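Morning, everyone. I'll take you through one interface and one residue beside it. Please have the model open.

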Amino acid sequence: MPQLTCVDPNEQAINVAFEPGETILQATHRAGVDGILAECGGGCSCATCHVILTSDWEGTLDAPSLQEADMLSFAVDSTPQSRLACQVQLNGQHDGLTLAVAKRQY
Amino acid sequence: MNIGIVGAGQAACTLIAELVRGQFSGKILVFNGESYRPYQRPPLSKTWLHNPTDSELIRLLPEPIETHASLEWIQDHVVSIEPDQGVIAGKHGRRTVDHIVLATGTRAKTLAIDGLPADKVHVIRTLSDTIHLHEALDAAYNIVIIGAGFLAFELASSLEHPERTIRVLAKGIRALPKISVKAADRLLEETPASVRVGVTIERYDQDSTSLITNHGPVPADLVIVAIGAEPNTELAIACGLGTSEGIPTDPLMQTTHPRVSAIGEVSLHTQPHLNKVMRIESISEANDSASTLAKRLLGAPEPFKATPWFWSDQGKLKLQIAGLAARNDEETCLIDTQTERVVIRHNGDHVTAIEAANAAKEFMAARRLFEQGSISHKALLQAGSVFSLLQSSRS
Ligand code: FES
């Protein structure tokens, strides 16, 4: 199974295995990564699944939808690499990439 | 201290996750009356209804938490509790704990319709409800949804199919009575269902497979009743801790008995945002009340202070609501463009809710503003958008 490395808010790096087609939220949730609240359960309605893509994800993803971008503009310490974990679908190209959970979700 | 949680829904699971992550020192017994591991409810009427095969997708707790050593999962129906002794009695056995948490949630209200066979009536509340509905869909071309709330319309849009006719029948004078007329209109533009209001159902006619109503017969191969939910308070009522309205708690989620707390949709407590004692059915209520209790059990109590929020997806339309309005609160349209619509609900100058259709920024700004305190209707109109009011309040 392909995998990501996810750094949680306590600076712990966790290996997150994923099935192509699932979202970052589904994969990190299964792995039990700390700090992603995901209050709306993946509905793109709460912005508490804020993650930051830390390695080079360039060219592997579509830009965020308007809804996601609007929600992200309210995430705490949002960066140009910020995404909502529930909105990013993973594929084989993402094997080996890294991301970090935002330190604070609100 | 050992605790026993009755229920395994959203509130129970948020409590469990926060206790495990907070390294709660005692044992946590969880009584799950359903035969599935804890799952998320919102997708049942939304995306998941299209293909309810993989319950892993809507699993509520991550594996490392669900299997944590401090937890003991007990699959049993709790039949009574004895607060003084800390006893939780299930069908299959009794357990004793130091503290009991009632997280029993709500159940779908049902409706008795004369002549309607049981296999044609559905409700959507649990995972097995969704699975049953999905199985029945193949033979259903005329679907009737009874109800006028978000659930009715979410189901209508999830069930949309070229071979199906979907009708929503509502008893009241308008659909979506809990939100403003202007927000409701926006949502009604999107619905694939034909909607009829002011409908009384007399009976079901088997020969014509139709519901007989005051508006004439309505073809119905399948009927979904989505007329709201009622709290599961029987356990609390039996020991004097609640009524059919809910289980009263203080701002730390403590009931009138020191050994019993109640969280989630059953708990009846002061909503600081409205300064009113009420029961709220929403994910935010489940999460916030559970967090409040978790903090207390972990030794750092902080009273409940959250502002409720809601969301609903109707095809391409996303409606997000911050706050909670009373039915007769006034409404003023703040923003109305081709895509976005934002409606202010207010009681005089006091804003009670912001209803945002396809306007996520306005919704998020409203949540932030409510967290800071109350919002003035006049100031909001002057600012022109919730976002600008938030920015001016920050500078
Ligand atoms: S889980 Fe709520 S926005 Fe991603």
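First, a term: a salt bridge is a side-chain nitrogen of Lys or Arg within 4 Å of a carboxyl oxygen of Asp or Glu. This is a predicted model, where local features need pLDDT of at least 70, side-chain atom pairs count only at pLDDT 80 or more, and totals for chains, interfaces and linings use all residues. Residues are numbered from 1 along each chain as written, chains are lettered from A and ligands numbered from 1 in the order written, and side-chain values use heavy atoms, leaving out hydrogens and water.

Now, the salt bridges. Chains A and B have two between them. In one of them, Arg21(B) meets Asp34(A), N to O at 2.9 Å.

Polar contacts next. These are N or O pairs within 3.5 Å; within protein, one atom must be able to donate a hydrogen and the other to accept it, and residues adjacent in sequence count only if both atoms are side-chain atoms.

How much area is buried between chain A and chain B? About 1900 Å², with carbon and sulfur atoms giving 54%. Buried area here is the accessible area (1.4 Å probe) that two parts lose on being put together, summed over both. In chain A, the most area is lost by His29(A), Glu39(A) and Phe74(A), together 35% of what that side buries.

By contact (heavy atoms within 4.5 Å), 21 residues of chain A touch 25 of chain B.

Stay with Phe74(A). Rings of Phe, Tyr and Trp (its six-membered ring) pair if their centres lie within 6.5 Å; planes under 30 degrees apart are stacked, over 60 edge-to-face, the rest tilted. Over all chains, that gives four aromatic pairs. One of them is Phe74(A) with Phe387(B): edge-to-face, 5.8 Å centre to centre, 85° between planes.

Phe74(A) is buried at 8%. Phe387(B) is partly exposed at 27%.

Last stop, Arg59(B). This residue is buried, at 5% relative accessible area. Its side chain reaches the backbone oxygen of Leu61(B) at 3.2 Å. A 3.3 Å polar contact joins the side chains of Arg59(B) and Glu66(B). Beyond four places in sequence, the contacts of Arg59(B) include Tyr39(B) and, across in chain A, His29(A).

Key: Buried means under 20% relative accessible area, exposed over 50%, partly exposed in between (1.4 Å probe, protein chains only).
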